[in-house]
Amino acid sequence: MAVGIPKEHPLTRLFARLTGENFAEHLGWPDADVIGYITAVLTDFVHVDQLYKIRDAQGRRVEEVAEMLAEGDLLHRAQGVEREREVHRHIGNYTLFMTGIFPEFLHRLKTSKVIVSADTLLDFIQVGKRSYRIVSEFTYGSYRPEAPLFRKLSENFELCVYGLGYVRADLDRLRDPRFQALKGHLLA
């Protein structure tokens, strides 16, 4: 899943260590599959382009979750079930990442005096849980082995957000320049 950053890269190893330690120690949940997946999401989202990798039919970057939901809806814009799964997987990843790593972004979005985005009306936790549940329902063919992982992510979404809060705190303490750059981009 991680684009351009190999598993052996120090940043990937750092995310794996922080996620593994925090999920095992603080949550009592040393699930290797969940830890590996969340590590991959963190590594993937180091590249800001990956945060907004969903494109609409015109090739424009989709930046709002509300619009992503329309892109992943078979009745609206999704051209098929593969697209539905791809978009909902991304929505789950995005909402998990934002609620766990950048909760202040969501706080600012929700407390703005002016509604500038349909996302202000969304509950990112509920949307993320639902999107991962949709992905978990793809139980055929090559998707079958991943279905239980997405069921766990859906059922334990809040726990994952909580665990990512510990990862965020550790990253803040480390002052990793890549993390600070991403944080600056999102909060600008």
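I take contact to mean heavy atoms within 4.5 Å.

**Ground rules.** I am working on a predicted model, in which local features need pLDDT of at least 70, side-chain atom pairs count only at pLDDT 80 or more, and totals for chains, interfaces and linings use all residues. Residues are numbered from 1 along each chain as its sequence is written, and side-chain values use heavy atoms, with hydrogens and water left out.

**Entry 1: Leu109.** I looked up the surroundings of Leu109. Leaving aside neighbours within four places in sequence, I find Leu109 in contact with Ser117, Asp119, Thr120 and Phe124. Of Thr120 I noted the separation as well: Leu109 and Thr120 lie 11 residues apart in sequence and 5.9 Å apart in space, C-alpha to C-alpha. Leu109 belongs to helix H6 (residues 103-111); helices (H or I, at least four residues) and strands (E, at least two) are DSSP runs, numbered from the N terminus. I record Leu109 as buried because its relative accessibility is 13%. Buried stands for under 20% relative accessible area, exposed for over 50%, and partly exposed for values in between (1.4 Å probe, protein chains only).

**Entry 2: Glu155.** I located Glu155 in helix H8 (residues 147-155). I record Glu155 as exposed because its relative accessible area is 53%. Glu155 and Arg133 stand 22 residues apart in sequence, with 8.0 Å between their C-alpha atoms.

**Entry 3: the whole chain.** I counted 10 helices and 0 strands in the chain. The chain is as compact as a globular protein of its length, because its radius of gyration is 16 Å, close to the 16 Å that the globule rule gives for 188 residues. That radius is taken over C-alpha atoms, and the rule is 2.2 Å times the number of residues to the power 0.38. The C-alpha trace spans about 45 × 45 × 30 Å along its principal axes. Buried residues make up 49% of the 188 residues. Among contacts between residues at least 6 apart in sequence, I note that 66% join residues at least 24 apart.
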